[in-house]
Amino acid sequence: MKNLTIRLETEKDYRAVENVTREAFWNQNVPGCDEHYLVHKMRTHADFLPELAFVLEKDGEIIGNIMYTKTRLVDERGNEKQILTFGPISVLPAYQRQGYGKMLIEHSFAKAAALGYDTIVIFGNPDNYVARGFKSSKKYNVCLEGDVFPSALLVKELRAGVLDGRRWYFCESPVGECCADEDGVAAFDATFPPKEKAWQPSQEEFYIHSHSAMVR
Ligand SMILES: CC(C)(COP(=O)(O)OP(=O)(O)OC[C@H]1O[C@@H](n2cnc3c(N)ncnc32)[C@H](O)[C@@H]1OP(=O)(O)O)[C@@H](O)C(=O)NCCC(=O)NCCS
């Protein structure tokens, strides 16, 4: 498409990407958001993969991005498999639902496969991802400790059949733990223009998805 570029993030893009993230997530899951803080902290975490951090530019403006971290699956014998998780993925509100998220996801899938990765596991709203080939974790026998299959735990095989049906436990990267630092989140957010925290219906949808699990 004309005037559209997907390229790797550089240091010069950091603030613009954090702003896109804040705009995309603001009041989406909870009043306010902390995903821009996560983006800010993630880049120095050992699990972060700069080779899979992409920005989408339209007419020279960054309107979306996607970031990946390394994560692991462990089977019942303790064998480990290195896989990927992505997130946050963000598109500026004015550009949402026009196919830009799809472009970022498909571009990064191709790059991830070329780097040798074969599996992506995420927590996300299925509405956003089933069209990209993500399926319920239950279908791939991928669960959390305690044999729980969260409804929002979604799996994409970049190489068909690679998970082979055995039971896998998903070990999330600790990268998200930085967001427990509420003072850190608030201080970082204060470096952006003020925005009003408010309730919106998507927060109930988020609550439902993040508290649901597959039972059969
Ligand atoms: C989620 C997000 C990254 C998706 O990017 P986007 O550019 O808006 O999405 P796209 O237009 O590429 O559509 C992606 C898929 O979402 C679904 N979708 C698109 N428009 C939709 C609509 N109006 N209603 C419901 N689902 C829709 C479709 O499945 C679509 O795939 P398809 O076009 O192949 O059918 C973007 O909306 C966003 O930044 N949202 C706020 C932050 C967020 O929630 N991030 C993800 C956390 S899980």
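Trainee: Hi! Where do we start? How many helices and strands are in the protein chain?

Mentor: Hello! The protein chain has 6 helices and 9 strands. Keep in mind that this is a predicted model.

Trainee: Okay. What radius of gyration does the chain have, and what would a compact globule have?

Mentor: The chain has 17 Å, and a compact globule of 216 residues would have a value near 17 Å, so the two agree. Along the principal axes, the C-alpha atoms fill a box of roughly 50 × 35 × 30 Å.

Trainee: And what share of the residues is buried?

Mentor: Buried residues make up 31% of the 216. As for contacts, take those between residues at least 6 apart in sequence: 70% of them join residues at least 24 apart.

Trainee: Let's look at a helix. How many residues does H1 have?

Mentor: H1 covers residues 14-25, which is 12 residues. From first C-alpha to last it reaches 17 Å, close to the 16 Å expected at 1.5 Å a residue.

Trainee: Which of its residues are buried?

Mentor: In H1 those are Val 17, Glu 18, Val 20, Thr 21, Arg 22, Ala 24 and Phe 25. Their cover includes helix H2 (35-42) and the strands S2 (54-58), S3 (61-75) and S4 (80-91).

Trainee: What happens just after H1?

Mentor: Asn 27 sits there with a positive phi of about 60 degrees. Most residues other than glycine have a negative phi.

Trainee: You mentioned H2. How many of its residues are buried?

Mentor: 8 of the 8, so H2 is largely enclosed by the rest of the structure. Among them are Glu 35, His 36, Tyr 37 and Lys 41. The cover over the buried residues of H2 includes H1, S3, S4 and helix H5 (182-189).

Trainee: What about H3? What span should it have?

Mentor: At 1.5 Å a residue, its 15 residues should span 21 Å, and the end C-alpha atoms are 21 Å apart, which agrees. Tyr 100, Gly 101, Leu 104, Ile 105, Ser 108, Phe 109 and Ala 112 are buried in H3. They pack against strand S1 (4-8), S2, S3 and S4. Just after H3, Gly 116 takes a positive phi of about 100 degrees.

Trainee: I clicked on Ala 113. Is that one buried, exposed or partly exposed?

Mentor: Ala 113 counts as partly exposed, because it has 13 C-beta neighbours inside 10 Å. This residue lies in helix H3.

Trainee: Switching topic: which residues have the most contacts inside the largest nonpolar core?

Mentor: They are Ile 66, Met 67, Phe 86, Leu 104, Val 121 and Val 142, in a core of 47 residues. Strand S3 gives the most to this core, with 6 residues. In soluble globular proteins, nonpolar side chains tend to be buried together.

Trainee: Which residues does Ile 66 touch?

Mentor: Leaving out residues up to four places away in sequence, Ile 66 touches Phe 54, Phe 86, Ile 89, Leu 104, Ile 105 and Ser 108.

Trainee: Now the ligand! How many residues surround it?

Mentor: 18 residues do, and the closest are Gln 96, Gly 101, Lys 102, Gly 124 and Ala 131. The elements giving two or more residues to this shell are H1, S4, helix H3 (100-114) and helix H4 (126-129).

Trainee: How do the shell residues divide into nonpolar, polar and charged?

Mentor: There are 6 nonpolar, 9 polar and 3 charged residues in the shell.

Trainee: Last one: which peptide bond is cis here?

Mentor: Look at the bond from Gly 87 to Pro 88, which is cis with omega near -5 degrees. Pro 88 is found in strand S4. Most peptide bonds are trans.

Trainee: And where are Asp 59 and Arg 97?

Mentor: Asp 59 is in the loop between S2 and S3, and its phi is positive, near 50 degrees. Arg 97 lies in the loop between S4 and H3, with a positive phi of about 60 degrees. Asp 59 is exposed because it has 9 other C-beta atoms within 10 Å, and Arg 97 is exposed because it has 8.

Notes: Residues numbered from 1 in each chain as written. Predicted model: local features only at pLDDT ≥ 70, side-chain atom pairs only at ≥ 80, totals over all residues. Helix = DSSP H or I, 4+ residues; strand = E, 2+ residues; numbered from the N terminus. Expected span 1.5 Å × (residues − 1). Buried ≥ 20, exposed ≤ 12 C-beta atoms within 10 Å, placed from the backbone. Contact = placed C-beta atoms within 7 Å. Rg over C-alpha atoms; globule rule 2.2 N^0.38 Å. Near = placed C-beta within 6 Å. Nonpolar A, V, L, I, M, F, W, Y, C, P; charged D, E, K, R; others polar. Core = buried A, V, L, I, M, F, W, Y, C linked by C-beta atoms within 7 Å.
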